[in-house]
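User: Please take a close look at the ligand site of this model and describe its surroundings in one connected account.

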Amino acid sequence: MMLKGKDIISIKDLSEKEIFEIFEVAKEMVPIAKGRSLDLLKGKVLATLFFEPSTRTRFSFETAMYRLGGNVISFADPKLTSLSKGETLADTIRMVDSYSDVIVMRHSYEGAARLASKFAEHPVINAGDGAGQHPTQTLLDLFTIWSHIGKIKDLNVGLIGDLKYGRTVHSLAIALSNFGANLYLVSPKGLEMPDHILREIREKVKPKITDDMNSIIGDLDVLYVTRIQKERFPDISEYLKIAGSYRVDLALLEKAKKDMIIMHPLPRIDEIAPEVDYTPHAKYFEQAFNGVPVRMAILSLVLGVR
Ligand code: NCD
């Protein structure tokens, strides 16, 4: 019952013990996520407020709620809400909070979910705030690693891609360093991990930083690939200069350990060649599925039914 009523805004809001509690419940939820429904959340209402595009995060939260017997309210397009009439986010949140038991929100502004949590009595779960954090993605990422390898400590994990704007890697890097994994940070020039995250990581581990994937691929147990976050570039010509600058393909994988796993929060653009999907390394679709049991666990724990 540790998590009952709790907001999940940053991965730092959760202790190691709480994270493992989520994993244990998520493991039990896997058969339900595959179709055996349960009435655990009957009568409960989840509000999903997605002010930015989403496929996996929104659908997996909504599937999690429905498979546990709960209901979902949401809008199809933020332009169709009263925010477009000039209502403040605070007022929207107060009102949605009074209609629901838990709120999941994605917004383009860093700090938006934290702000929402100040105005809501019920738990608020951050489904991504700009280039800030994406804690539930990190939980399903860690769950995927833990289910495959059985541990996180001492693993060599490479985070590849847009480490500057990618919120998934901000949350994940902090969590991995807390768990004692060895971090390899690989990004094109100009898209390095921000200093404020590096400072936090360095309190726990000493990351290896490079722009050359070839030089480190053979060390890795986990390769976590991300896309370049085109929508966050203030100047599109800067994006065009680095678009397509890295790609995981079969030639690169020849140098990898046999049991290295490849993960990606998705959507993928061109950073993983499609033929990689058919190798035993590819775990990104399973990772996306894990969003359902992990979010079932999160919802049932914050709603206090587990
Ligand atoms: C990620 C996001 O929205 O930050 N997607 C997701 O939630 N699976 C990654 C991305 O958009 O690149």
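Analyst: A polar contact is a pair of N or O atoms within 3.5 Å; within protein, one must be able to donate a hydrogen and the other to accept it, and residues adjacent in sequence count only if both atoms are side-chain atoms. This is a predicted model, in which local features need pLDDT of at least 70 and side-chain atom pairs count only at pLDDT 80 or more, while totals for chains, interfaces and linings use all residues. Residues are numbered from 1 along each chain as its sequence is written, and side-chain values use heavy atoms, with hydrogens and water left out.

In the side chain of His-134, an N or O atom is 2.8 Å from an oxygen atom of the ligand. For Thr-57, the distance from a side-chain N or O atom to a ligand oxygen is 2.9 Å, and a polar side-chain atom of Arg-227 lies 2.7 Å from a ligand oxygen. The protein buries 94% of the 320 Å² that the ligand exposes when taken alone (accessible areas by the Shrake-Rupley method with a 1.4 Å probe).

The residues around the ligand, counted as near if one of their heavy atoms lies within 4 Å of it, include Arg-106, Gln-137, Arg-167, Thr-168, Gln-229 and Pro-265. By class, this shell has three nonpolar, five polar and three charged residues; Ala, Val, Leu, Ile, Met, Phe, Trp, Tyr, Cys and Pro count as nonpolar, Asp, Glu, Lys and Arg as charged, and the others, Gly among them, as polar.

Leu-266 and Pro-267 also belong to the residues around the ligand. A cis peptide bond joins these two, Leu-266 and Pro-267, with omega about 5 degrees. Pro-267 is in the loop between strand 9 (261-263) and helix 10 (284-302), where helices (H or I, at least four residues) and strands (E, at least two) are DSSP runs numbered from the N terminus.
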